[in-house]
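Student: Got a model open here. Can you walk me through it?

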Amino acid sequence: MDKLRQEKVKKFEEFLDLHLKPKLVSAIAERDKVFEQQKTYSDLKRNIQDLEKNSVTSLKTLINLGSEVYAQAEVPDTHHIFVDVGFGFHVEFTWSEALRFISAKEEWLAKQIEERTRQIASIKSHIKLVCEGIRELLELPLD
């Protein structure tokens, strides 16, 4: 193999290892975070619906204070809850307001997941393209 071809293969491999693969890992991690948010909101929605269905007006629970340290808490009125709406802000909602917010948030998160999935597919296609270029430069047979 001539020197020019070796240089091209090296540049393709560097591009693959230094740019495309880390970008793919990052995109997958971002999508996983959105999946986790989606699960959290889904769980909250289910819990609110259970509270409504069972007409729960007060409850006793354990609260995580951090570092897996828990304290007992009594909630005298469950009809108002605080929901994390993002950027560290929590808003007090009634059950019905919270359910409307959660539905809108779930729609937005679903769009984010679709967008991240398209981004991941695009990165994977770029990786495949670069690998095909390397294969052609090395004159390897198709698998």
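Tutor: Start with E68, which is exposed at a relative accessible area of 57%. Keep in mind that this is a predicted model.

Student: Where is E68 found?

Tutor: In the loop between β1 and β2.

Student: S55, buried or exposed?

Tutor: Exposed, because its relative accessibility of 57% is over the 50% cut-off.

Student: And V69, which strand is it in?

Tutor: V69 belongs to strand β2, residues 69–75. The residue is partly exposed, at 44% relative accessible area. With I63 and L65, V69 forms a nonpolar surface patch of about 270 Å² accessible area together.

Student: Switching to the inside. How many residues are in the largest nonpolar core?

Tutor: It has 13 residues, and those with the most contacts inside it are Y41, I48, I81, V83, W95 and A98. At least two residues each come from α1, β3 (80–86) and α2 (95–138). The largest share is from α2, with six residues.

Student: What is Y41 in contact with, leaving aside its neighbours within four places in sequence?

Tutor: V83, D84, V85, F101, I102, K105, E106 and L109.

Student: And the second core, which residues does it include?

Tutor: That one is separate and has 11 residues, including V9, L24, V130 and L137.

Notes
Residues numbered from 1 in each chain as written. Predicted model: local features only at pLDDT ≥ 70, side-chain atom pairs only at ≥ 80, totals over all residues. Heavy atoms only, no water. Patch = residues over 30% accessible without salt bridge, like charges linked within 9 Å, V, L, I, M, F, W, Y side chains within 5 Å. Areas by Shrake-Rupley, 256 points an atom, 1.4 Å probe, with all protein chains shown as cover. Salt bridge = Lys/Arg side-chain N within 4 Å of Asp/Glu carboxyl O. Helix = DSSP H or I, 4+ residues; strand = E, 2+ residues; numbered from the N terminus. Buried < 20%, exposed > 50% of the residue type's maximum accessible area, 1.4 Å probe, protein only. Core = buried A, V, L, I, M, F, W, Y, C linked by side-chain atoms within 4.5 Å. Contact = heavy atoms within 4.5 Å.
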